Amino acid sequence: MAETKQILVPDIGNFKDVNVIGVLVKAGDTVKAEDSLITLETDKAAMDVPSPFAGVVKEMKVKAGDKVSQGSVILLLESGDTSGTPAAQPAAAATVAATSVQPVISAGKAHASPAIRRFARELGVDVAQVMGSGEKGRVTKNDVQNFVKAALAQPRGTGGSGWHVLAMPEVDFTQFGAIETKPLSRIQKLSGANLHRNWVSIPHVTQFEEADITEMEAFRKQLGTEYAAQGIKITPLAFLLRAVVEALQQFPGFNASLDASGENLILKKYFHIGVAVDTPDGLVVPVLRDVNQKGIVQLAKELAEISGRAREKKISAAEMKGGCFTISSLGGIGGTAFTPIINAPEVAILGVSRSNMKQVYQNGAFVPRLMLPLSLSYDHRVIDGASAVRFTVYLAQTLADIRRLAL
Ligand code: CAO
């Protein structure tokens with residue numbers, strides 16, 4: 001049988017004369033248990049008062065701007081069936097014919113309208129976990145959508161980070177000295193987000209190796225002299241591209257990606273290699289296609305052309321897609337080793353530092369050799385340490401004897 005009850009302002013701590021900042025229902029509305037009825041604001045927080053049970057609003061007793069305290073009547077709610085236990089405590093005394101009910105505000109109750117709560121429920125979102133960006137921290141439809149997008153963006157197969165880390169401290173640096181604020185470039189923001197995701201979601205290990213490139217370098221200089229007239233500059237990177245493809249062919253597990261489930265390895269039969277290019281606006285990684293089908297001179301030409309265009313911001317998004325493996329060469333600048341971050345969904349990346357003359361012990365004597373430092377970071381879910389060493393040893397042997405590239 002239909003019964004009309006007064007819904008009262010519940011226990012809101014020691015607060016009195018609290019502002020009603022939002023009225024979320026009107027006479028005639030049908031509400032479900034836990035739908036928000038009104039929003040109250042204290043000095044400390046805004047909170048929604050939920051309906052203790054389902055019913056039809058018969059009459060509103062408050063309006064926005066009113067001040068209320070515990071026990072103030074919010075509205076009259078007619079319920080067809082109150083036999084179930086309401087999420088509420090009955091008030092001690094009824095002051096009118098209708099019985100009185102005080103809803104319970106659970107701790108941390110999110111501040112959202114019934115429509116938004118419904119929307120969140122439909123998407124399986126716990127609205128209490130959504131950070132509200134609306135007025136007074138109210139959760140908006142956009143907030144719920146962004147929450148879902150962020151959840152979907154978590155890499156699958158990794159279970160997401162699930163980490164609770166301290167927020168970065170917000171520091172007012174001006175208290176220590178003069179400063180200048182410079183916004184990050186668009187490329188820095190985009191690559192930064194990708195690098196961060198790859199760094200936290202892939203278990204990286206970096207394997208170091210040195211390749212004896214004494215003979216390779218002599219040949220490179222000879223080629224350089226021959227092709228200088230045609231305006232072609234041949235750097236060690238062209239040789240590295242070919243040698244890396246050679247190693248990928250020997251070790252197919254490095255020319256692979258995990259599928260979206262994280263349970264299957266996709267082995268690629270093509271050999272597209274990304275090359276990290278340092279541009280004034282940040283790092284970009286254009287991809288050289290079918291490197292296995294190209295010679296050193298052709299690769300040197302393509303490398304110069306594509307890195308030139310990258311620096312002039314003339315690389316399309318398509319030219320940065322489809323890579324199997326990345327080479328990040330800092331050898332033109334210096335360094336002895338570094339730990340590059342894998343360019344997901346690839347499973348390994350080769351860092352190259354500056355070659356150096358070293359005394360190497362060979363056949364019972366120390367001899368001067370030109371040694372090239374290599375740093376291979378790999379995804380330890382897919383590649384084990386022994387395979388990584390085999391890969392880098394093979395790569396170093398190939399660079400030490402480039403006749404192997406002709407095999
Ligand atoms: N050891 C010694 N010398 C090297 C070398 C090495 N490993 N690699 C290149 N060099 C030499 C070249 O032979 C060239 O010498 P000359 O000018 O005397 O002929 C000089 O260094 C400059 O080479 P380069 O950098 O112009 O050409 P490259 O083919 O080696 O590299 C490119 C091209 C686009 C990869 C490079 O310019 C670049 O942008 N590197 C930075 C990549 C990067 O930022 N990676 C970091 C990613 S993580 O933040």
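Reader: How many salt bridges does a search of the whole structure find?

Author: The search finds 16 salt bridges, each being a Lys or Arg side-chain nitrogen within 4 Å of an Asp or Glu carboxyl oxygen. Bear in mind that this is a predicted model: local features need pLDDT of at least 70 and side-chain atom pairs pLDDT 80 or more, while totals for chains, interfaces and linings use all residues. Residues are numbered from 1 along each chain as its sequence is written, and side-chain values use heavy atoms, with hydrogens and water left out.

Reader: What makes E78 and K58 a salt bridge?

Author: Their N to O distance is 4.0 Å, so the pair meets the salt-bridge cut-off. E78 belongs to strand 8 (residues 73-79) and K58 to strand 6 (residues 55-60), so the bridge ties together parts 20 residues apart in sequence. Strands here are DSSP E runs of at least two residues, helices are H or I runs of at least four, and both are numbered from the N terminus.

Reader: Why is E78 called partly exposed?

Author: Buried means under 20% relative accessible area, exposed means over 50%, and partly exposed is in between, using a 1.4 Å probe and protein chains only. E78 has 27% relative accessibility, so E78 counts as partly exposed. K58, with a relative accessible area of 43%, is partly exposed too.

Reader: And how do you know that K358 and E210 meet in a salt bridge?

Author: The N to O distance for that pair is 2.3 Å, so it passes the salt-bridge test. K358 sits in strand 20 (residues 356-362) and E210 in strand 11 (residues 204-212), so this link spans 148 residues of sequence. On accessibility, K358 comes out at 37%, partly exposed, and E210 at 33%, also partly exposed.

Reader: Which partner does K313 form a salt bridge with?

Author: The partner is D281, with the closest N and O atoms 2.9 Å apart. Both sit in loops: K313 between helix 6 (296-311) and strand 18 (325-329), D281 between strand 15 (277-279) and strand 16 (282-284), so the pair ties together parts 32 residues apart in sequence. K313 has 60% relative accessibility, so K313 counts as exposed, while D281 at 23% is partly exposed.

Reader: What makes the nonpolar surface patch?

Author: V171, F173, F176 and I179 make it, with an area of about 440 Å². Patch residues have over 30% relative accessible area and no salt bridge; nonpolar side chains (Val, Leu, Ile, Met, Phe, Trp, Tyr) are joined within 5 Å, like charges within 9 Å. F173 lies in the loop between helix 2 (141-153) and helix 3 (186-201).

Reader: What about the protein chain overall, say how many helices and strands?

Author: There are seven helices and 21 strands. Of the 407 residues, 40% count as buried.

Note on methods. Accessible areas come from the Shrake-Rupley method with a 1.4 Å probe; for residues, only the protein chains shown count as cover.
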